[in-house]
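Hi everyone, thanks for coming. I'd like to walk you through one model today, so let's bring it up on the screen.

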Amino acid sequence: MRIKTKAFGEIEVSEKQRLFFKNGIFGFEDMHNFVLLDTEAGGPFYWLQSEKVAEIAFLIVDPRLVISSYKLQTSKDDLGDLEVEKEEDILVFSIVTIYDNPQNTTINLLGPIVINRMKHIGKQVISLNDSYSVRHPLVAGKGD
Amino acid sequence: MLILARKENQSIMIGDNIELTIVSIKGDHVKVGINAPNDVKVFRKEIFEEIQKANIEAANVKPDVLKDIGNLFKKN
């Protein structure tokens with residue numbers, strides 16, 4: 001399938017890259033179809049790209065890059081929506097927010113994007129551990 | 001919306017195992033205690049709004065910032 005993307009223009013994506021978000025993403029509740037794309041930065045960074053609107057793409061990152069002990073704590077409802085059978089099928093990402101000064105870049109630890117990689121289902125959940133921040137500095141000591 | 005009047009130390013049950021208690025009322029400040037199973041989500045509504053706002057800002061990301069992000073890590 002060909003889609004228009006923010007980072008790469010029009011590209012071919014495979015079924016394996018497609019994710020269905022039943023509830024959309026907070027603030028984008030009517031967007032249900034996304035694809036997961038590698039970034040040029042590689043490693044723990046990915047693009048979560050809307051299939052419908054090229055301009056809507058989130059940079060996401062493995063939160064353990066920032067907090068190595070980060071652990072997903074979520075409700076049975078969320079795990080049910082994600083149709084989780086085995087813990088190892090789950091991928092957890094934080095959305096990255098970049099400001100005018102990139103040094104202030106933050107990641108959302110409180111509202112992670114959770115993906116069931118076997119069933120291609122995604123959901124933005126709210127962590128039951130509310131000590132996590134919505135805007136946690138990406139690089140220690142650089143955020144505000 | 002169901003509206004119930006409650007006094008201090010009075011409670012409301014939601015379903016069989018969620019209990020809301022009005023712990024104290026001081027001026028315009030109401031403290032609410034919530035007893036619910038661990039896997040029931042209980043959040044201040046502001047949290048949803050904060051996440052929505054952060055998402056909307058995050059969606060504006062420009063692809064060329066990836067270079068800057070890479071640089072942040074190189075310096076460390």
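How much area do chain A and chain B bury between them? About 2,900 Å², and 71% of that is on carbon and sulfur atoms. Please keep in mind as we go that this is a predicted model.

Let's look at who takes part. Chain A brings 42 residues to the contact, and chain B brings 28 residues.

Which elements of chain A give two or more residues to the side that touches chain B? On your screens, look for the strands β5 (45–50), β6 (57–61), β7 (90–97) and β10 (121–124), along with helix α1 (76–81). If you sort that side of chain A by class, you get 23 nonpolar, 10 polar and nine charged residues.

Let me finish on chain B, with something for those of you who like surfaces. There is a nonpolar surface patch of about 390 Å², made by Ile25(B), Val30(B), Val32(B), Ile34(B) and Val42(B). Which strand of chain B gives the most to this patch? That is β3, residues 29–35, with three residues. Ile25(B), for its part, sits in strand β2, residues 18–26 of chain B.

That's my tour; I'm happy to take questions.

Notes: Residues numbered from 1 in each chain as written. Chains lettered and ligands numbered in written order. Predicted model: local features only at pLDDT ≥ 70, side-chain atom pairs only at ≥ 80, totals over all residues. Heavy atoms only, no water. Contact = heavy atoms within 4.5 Å. Buried area = accessible area lost by both parts, 1.4 Å probe. Helix = DSSP H or I, 4+ residues; strand = E, 2+ residues; numbered from the N terminus. Nonpolar A, V, L, I, M, F, W, Y, C, P; charged D, E, K, R; others polar. Patch = residues over 30% accessible without salt bridge, like charges linked within 9 Å, V, L, I, M, F, W, Y side chains within 5 Å. Areas by Shrake-Rupley, 256 points an atom, 1.4 Å probe, with all protein chains shown as cover. Salt bridge = Lys/Arg side-chain N within 4 Å of Asp/Glu carboxyl O.
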